[in-house]
Amino acid sequence: MKKTTRVGAIATAVALAVTTFTVPAHAAVTELTVWAMQGQDGEVKAAKEEVGAFNASQDNIHVTLQFKASMGDTLKNTNVNGLADVFEFDGETLGALVYDGKLAPLKGLVAASTISRQLTSIKSEGTASDGKTYSVSQFDSGLSLWGNKSMLKAAGVTNYPTTFNKAWTASQFTGVLKTLAAKAKGHKAIDMKENYGIGGGWAGYAFTPIINSAGNELVKNGKAVGSMNSAKAVAAMKVFASWKKYSDPSTDDSAFTKKRVALAWVGHWATPGIKAALGKDAVLIPLPNFGNGSKSGQGSHSWAIGANSDKKAAAATFLNYIMTDKWILNLTEQNGAVPGTKTALAKNKDYAKGGLLELYGQQLAASCGSAAPTAKCVTVPRTISAAWPVINTQFSQAAQTIWDGGNAAAALTKAAKAIDQDYNDNNGYKN
């Protein structure tokens, strides 16, 4: 009896030992911290949805999502060692973040197919002056005029362009504004989004295309003097100032959607509200041509990996996941932006031939990239430089001064000199 019990005990012990030895230990879960921008409600919702789906899709990586109300300040004031593993940021600041050593190059981390599917404009925005790719984006921006077909028709403006190669000239556009204002109850023709604050940075995105369309860049070869304040640029900005008398200040942010004016100079984010307010009366119209072809802005929220993250492989896995068409379309259907990949763009009927947003896609496909803007290209990335925050501030303040009736040549020259001084003070931002 005792012998049997002992043999059984030994057999049980051996079985337990074998069982313990053969069952693999669970791999440790990689905890990933992700910072997202506290943007539109739809963008916040989309971010939560994609993170939730990612966490549920596998057991090896767990993402903790945090929203930042002022991502620009957060990234500027946080030491590289304190950054999240993955974070979202305004693409226009890429140059400054690379200069500060806060972004990891994505080659060898993010799949080559993820990068190759991105729109030409996004590839340009995500590439720094050293030729390396540091970011990817789920969407790009659209900037143009929005028109109200019924109001345009009522004023006798029936021949309006819908492709960038047939844009109104600056002179024709000024004439259209005059005609529309004469017919409008409040004698205003356009919403230039003055309520955004022209001098607060809006001009850097919205009105740089005027300088580009005149044949110049804000900064050329590291110099603003001679480019931003050229004779053509000054002349173009004087025309810009002449439009103020036709502009509804839109303090309620609704001059166009409440049909007080027939035109609006605004970006893609206004699309959902415009579609809801105007329905089939809404139409996209290219920005006016100042001689070098119609030009527009590009750039969006971008995603990067922290330079000192010790979880770069997991971070890249997350980026590959959210850059799939499924999650890109989920986001852009909520925020009205342009899908960031060629394949996602092709799946959205609004960008198909004859679709409401076809112009946005056409413009971005004709991105000028890092080259000087020519008559054949359309969208121009904001200056990819660590100096961009200074460039944006100085040009925007100059635009506000000009809009308010100030001397265009003096305002642009003052801004250009301040930018050049900043470059000089920082050794041309050369590491």
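**Entry 1: cavities**

On a 1 Å grid over the protein atoms alone, a cavity is a set of points where a 1.4 Å probe fits but cannot get out. I am working from a predicted model, in which local features need pLDDT of at least 70, side-chain atom pairs count only at pLDDT 80 or more, and totals for chains, interfaces and linings use all residues. Residues are numbered from 1 along each chain as its sequence is written, and side-chain values use heavy atoms, with hydrogens and water left out.

Rolling a probe the size of a water molecule over the atoms shows where empty space is left. I noted that a volume is the space filled by probe spheres set on the points, with grid points joined across faces, edges and corners.

How many cavities of 30 Å³ or more are there? I count three. The largest cavity has a volume of about 100 Å³.

I then looked up the lining, meaning residues with an atom within 4 Å of a point. For the largest cavity I listed A36, M37, E43, A46, A47, E50, E88, Q138, F139, H301, W303 and L331. Which element gives the largest share of this lining? Helix α2 does, with four residues. I see at least two lining residues from each of β1 (30-37), α2 (41-57) and β10 (301-305). (Helices, H or I of at least four residues, and strands, E of at least two, are DSSP runs numbered from the N terminus.)

By class, I find seven nonpolar, two polar and three charged residues around the largest cavity. Here Ala, Val, Leu, Ile, Met, Phe, Trp, Tyr, Cys and Pro count as nonpolar, Asp, Glu, Lys and Arg as charged, and the others, Gly among them, as polar.

The second largest cavity holds about 80 Å³ of space. Its lining includes G91, E92, E125, P381 and R382. I sorted that lining into three nonpolar, five polar and three charged residues.

**Entry 2: the disulfide**

I found one disulfide in the structure, that is, a pair of cysteine sulfur atoms within 2.5 Å. Which cysteines does the disulfide join? They are C368 and C377, with S to S at 2.0 Å. The link of C368 and C377 is right-handed, with 95 degrees about the S-S bond. Both cysteines, C368 and C377, are buried (under 20% relative accessible area; exposed is over 50% and partly exposed lies in between, with a 1.4 Å probe and protein chains only).

**Entry 3: salt bridges**

My count of salt bridges is eleven, each a side-chain nitrogen of Lys or Arg within 4 Å of a carboxyl oxygen of Asp or Glu.

I started with K193. Its side chain meets that of D191 in a salt bridge (2.9 Å, N to O), and both D191 and K193 are buried. K193 also meets D253 in a salt bridge (2.7 Å, N to O). K193 sits in the loop between β6 (190-191) and α9 (202-206) and D253 in the loop between α11 (231-242) and β7 (263-267), so this pair links distant parts of the chain, 60 residues apart. Is D253 buried or partly exposed? D253 is partly exposed at 40% relative accessible area, while K193 is buried at 5%.

Next I checked D350 and K275, whose closest N and O atoms are 3.1 Å apart in a salt bridge. D350 lies in the loop between α15 (342-347) and α16 (358-365) and K275 in helix α12 (residues 271-278), so the pair ties together parts 75 residues apart in sequence. D350 is buried at 18% relative accessible area, and K275 is partly exposed at 36%.

Last, I noted one network of salt bridges with shared partners, joining D248, D252, K258 and R260.

How values were computed: On a 1 Å grid over the protein atoms alone, a cavity is a set of points where a 1.4 Å probe fits but cannot get out, and a pocket is an open set with protein on both sides within 12 Å along at least five of seven lines; lining residues have an atom within 4 Å of a point.
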